[in-house]
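Reader: I have a structure open and would like to learn how to read its features. Could you walk me through them?

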Amino acid sequence: MGKAAKEQLNRALSEHLNTIHESLQILDQTPASSLKKVSWNEVVQMGEQVSKQATTVGMLYTGETPEVKVLEENMAAYFNMLQGFLLLSHGSSVGAGPTLSTCIHVSIKQVVDSSFMLLKEAVSSYGSHDKAQQLSIPQLVGTVWNACSALKKTPSTNVMAIGRAMTQVAVSINDVLREMKELKPASFDLADEASDKVDIKAEQKPDDDNDSFNGDLGNDLSPEEMKIANLTTSVVSETLAFIKELIRSIASFLKQESVDGCAISTDSLEKLLVLSQGIGVQIDELGACLYPPQEISAIKAALEKISSITCETELELGNLKGSSNDFVTACTGLRNSLKQLESELGCLGTSNLVPEMENLALSN
């Protein structure tokens with residue numbers, strides 16, 4: 001009887017899973033713009049119902065083994081709830097750009113995946129006397145709760161999604177800045193210490209290698225290298241200020257949408273994000289180039305790309321009428337830091353780096 005009951009539950013589960021997998025394919029399709037957009041709040045509320053349904057599954061396993069019919073009915077109710085959840089989620093992505101769509105899909109998939117794990121374990125645990133397996137049910141219920149609760153933190157508009165993605169760029173740049181500030185010039189004592197470590201290293205067997213010798217990487221910059229490192233640190237610091245002001249400008253669009261109801265161009269917002277991510281890539285490159293021996297040509301190339309991307313960002317933001325005085329000030333600070341580093345690298349007369357930005361400033 002127990003074996004037959006479990007086979008019956010597995011068949012029912014398999015049918016429900018196939019249905020949900022078919023519904024998931026809909027999420028990969030861009031909804032027609034003519035469809036009525038579903039408020040994200042509705043998705044959050046449906047998520048709360050899914051969470052309650054997960055709680056019901058957990059309660060079935062707190063005492064004696066539930067009857068097959070009871071578990072089947074509960075499973076059917078759960079999957080019906082999940083089906084409605086997916087349809088609402090699809091409706092909420094009307095008008096969503098790539099960034100917002102990705103955020104929505106990630107959040108929805110967490111709810112679906114955690115639900116799958118719970119229901120599969122519920123069927124697998126049916127009739128089992130394994131305490132470890134029985135204890136897994138409450139844990140999986142908690143995973144569903146967390147996934148449903150995370151829906152409240154999911155961006156609900158393109159502006160919010162892109163602003164959050166830009167914040168990640170700022171966090172990455174800040175990490176690079178922190179590492180740059182830890183660079184130290186070589187001193188006589190440090191040079192002797194490094195020499196001693198080299199002697200010790202030579203005497204060690206390959207198996208005796210450890211990370212202690214590598215820990216001083218970046219602590220032996222020459223005065224010339226240290227000067228370049230300091231100027232580059234200034235560029236990164238000004239770039240961080242630039243990105244922060246860009247984020248504030250994006251945030252102002254959210255207020256603008258709520259006041260006049262006019263949607264900001266999603267394509268322009270996505271382009272601004274791509275540009276900011278491009279700057280982030282070049283900042284990573286700068287950070288890697290500062291360790292001795294410094295790669296001057298790579299530093300120059302990164303500076304030129306930062307300059308070019310910054311100009312594009314200014315133009316794009318200007319087209320959206322989102323440029324503020326603080327943003328202009330941040331651009332000026334970045335422009336000056338680029339000029340100082342460019343001068344130190346000895347390429348002032350052979351690069352269009354700073355003139356390009358200055359020409360843009362004059363045109364504005």
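Author: Let's begin with burial: a residue is buried under 20% relative accessible area, exposed over 50% and partly exposed in between, using a 1.4 Å probe and protein chains only. By that rule, Phe79 and Phe116 are both buried. This is a predicted model, where local features need pLDDT of at least 70 and side-chain atom pairs count only at pLDDT 80 or more, while totals for chains, interfaces and linings use all residues. Residues are numbered from 1 along each chain as its sequence is written, and side-chain values use heavy atoms, with hydrogens and water left out.

Reader: What average pLDDT does the protein chain have?

Author: pLDDT is the predictor's confidence in each residue, from 0 to 100. The protein chain averages 85, and 83% of the residues score at least 70. Where pLDDT is low, the predicted coordinates should not be read in detail. Here pLDDT stays under 50 over residues 188-215, a stretch with 11 contacts (heavy atoms within 4.5 Å) beyond four places in sequence. Over residues 347-352 pLDDT also stays under 50, and the model has 6 such contacts there.

Reader: How many aromatic pairs does the structure hold?

Author: A pair of aromatic rings is described by the distance of the centres and the angle of the planes. Rings of Phe, Tyr and Trp (its six-membered ring) pair if their centres lie within 6.5 Å; planes under 30 degrees apart are stacked, over 60 edge-to-face, and the rest tilted. The structure holds 2 such pairs. Phe79 and Phe116 make a tilted one, at 6.4 Å centre to centre with 45° between the planes. Phe79 sits in helix α3 (residues 68-92) and Phe116 in helix α4 (residues 98-124), so this pair ties together parts 37 residues apart in sequence. Helices here are DSSP runs (H or I, at least four residues), numbered with the strands (E, at least two) from the N terminus. Phe242 and Phe327 are also tilted, at 5.2 Å and 40°.
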